[in-house]
Amino acid sequence: MKNERITYIYAKSKWYHLNFSELIHYRDLILLYVKRNISVSYKQTVLGPLWILINPLLSTTVFTVIFGVIAGISTDGMPQFLFYMSGNVLWGFFSSCLNKGSSTFLSNARLFGKVYFPRLAIPISDIIYHFLNYLIQVTVFVGLVIFYALTTDVVHPNLTLLFVPLMILQTALLGMGVGLIISSITTKYRDLNILVSFGVSLWMYITPVVYPVSRIAASHLPDWLKSLFMLNPVAPIIESYRHAFLGCGSFEWFYWLISMGVTVVVVMLGLVVFNKVEKNFIDTV
């Protein structure tokens, strides 16, 4: 037939070959996976999509009681619930992208072994899904910010909000990059996947999610250790994000630019390693 279309699939000859145009061609598949994630996540649940809001609200309440009321950790004069939610919402988005990306190969091994499509479609669809969840959660957070800004004189949103979309994009890319690296490593060393949840929890406590950066600055730690703390690529994002919405803390340009540089390196490394492993991972999984 004259209108017959033939598609040729070739093995990748170079480990650094990345065909992003192919992802655009498979955009319908990516959207299909997003819809699947939405339906599967809340299938046969009592509250359904309400868990998107319940999870951050419950965890924020726990943080408020444990770290705010019991431990008495300073929140730089901010309302405690609002302070903890500001860090919790963005950290939840980051950890979700990381956790889901780190299981890309192991969770989809059977599918990858049966049909061809660009493997990056899976982690990209996961990021879109978690971003939609984040949008719902941040809507509630913004509502609380507006309420406290109108009823108190301690919450001061500022022009740093203009950089928030870039912070969100950076958070997603950093989570995906780390997830791709872990996913590539665990195809050969499966037991490392067990440490992911522990590692993410540990990472959260060395990131200013439940305490302000000012507490680290006022501590008796050596100056080099304080600087090392801010070299954590997620720390400047959380601090700048909180400063944008609440007006507390500071917008550290220097550390944020370093964080952006680290993000670029991590994403490129993740893509290259992922691209190299996907060619023969089915033989080791």
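Helices here are DSSP runs of H or I at least four residues long, numbered from the N terminus. All the views below come from a predicted model.

**View 1. The second largest pocket, with its lining.** This pocket has a volume of about 340 Å³. It is lined by 18 residues, and those closest to its centre are Asn55, Pro56, Gly92, Ser96 and Gln137. Which helices supply at least two residues each of the lining? They are helix H3 (51-70), helix H4 (80-102) and helix H7 (121-151).

**View 2. Phe141 and Tyr241, a stacked ring pair.** The structure holds 21 aromatic pairs, and here we zoom in on one of them. The ring centres of Phe141 and Tyr241 are 6.4 Å apart and the planes meet at 20°, so this pair is stacked; the cut-off for that label is planes under 30 degrees apart. Phe141 belongs to helix H7 and Tyr241 to helix H12 (residues 235-246), so the pair ties together parts that sit 100 residues apart in sequence. Buried or exposed, what are these two residues? Phe141 and Tyr241 are both buried.

**View 3. Phe251 and Trp253, a tilted ring pair.** Here the ring centres are 4.8 Å apart and the planes are at 40°, so Phe251 and Trp253 make a tilted pair. Phe251 has 14% relative accessibility and therefore counts as buried, with the cut-off for buried being under 20%. Trp253, at 45% relative accessibility, counts as partly exposed.

**View 4. Arg242 over the ring of Phe83.** The charged end of Arg242 sits over the ring of Phe83, at 3.9 Å from the ring centre.

View 5. A disulfide is a covalent bond between the sulfur atoms of two cysteines. How many disulfides does the structure hold? The count is 0. Cys97 has a relative accessibility of 3%, so Cys97 counts as buried. Cys248 is buried too, with a relative accessible area of 6%.

How values were computed
Residues are numbered from 1 along each chain as its sequence is written. This is a predicted model: local features need pLDDT of at least 70, side-chain atom pairs count only at pLDDT 80 or more; totals for chains, interfaces and linings use all residues. Side-chain values use heavy atoms; hydrogens and water are left out. On a 1 Å grid over the protein atoms alone, a cavity is a set of points where a 1.4 Å probe fits but cannot get out, and a pocket is an open set with protein on both sides within 12 Å along at least five of seven lines; lining residues have an atom within 4 Å of a point. Grid points are joined across faces, edges and corners, and a volume is the space filled by probe spheres set on the points. Rings of Phe, Tyr and Trp (its six-membered ring) pair if their centres lie within 6.5 Å; planes under 30 degrees apart count as stacked, over 60 as edge-to-face and the rest as tilted. Buried means under 20% relative accessible area, exposed over 50%, partly exposed in between (1.4 Å probe, protein chains only). A charge sits over a ring if NZ of Lys or CZ of Arg is within 6 Å of the ring centre and within 35 degrees of the ring normal. A disulfide is a pair of cysteine sulfur atoms within 2.5 Å.
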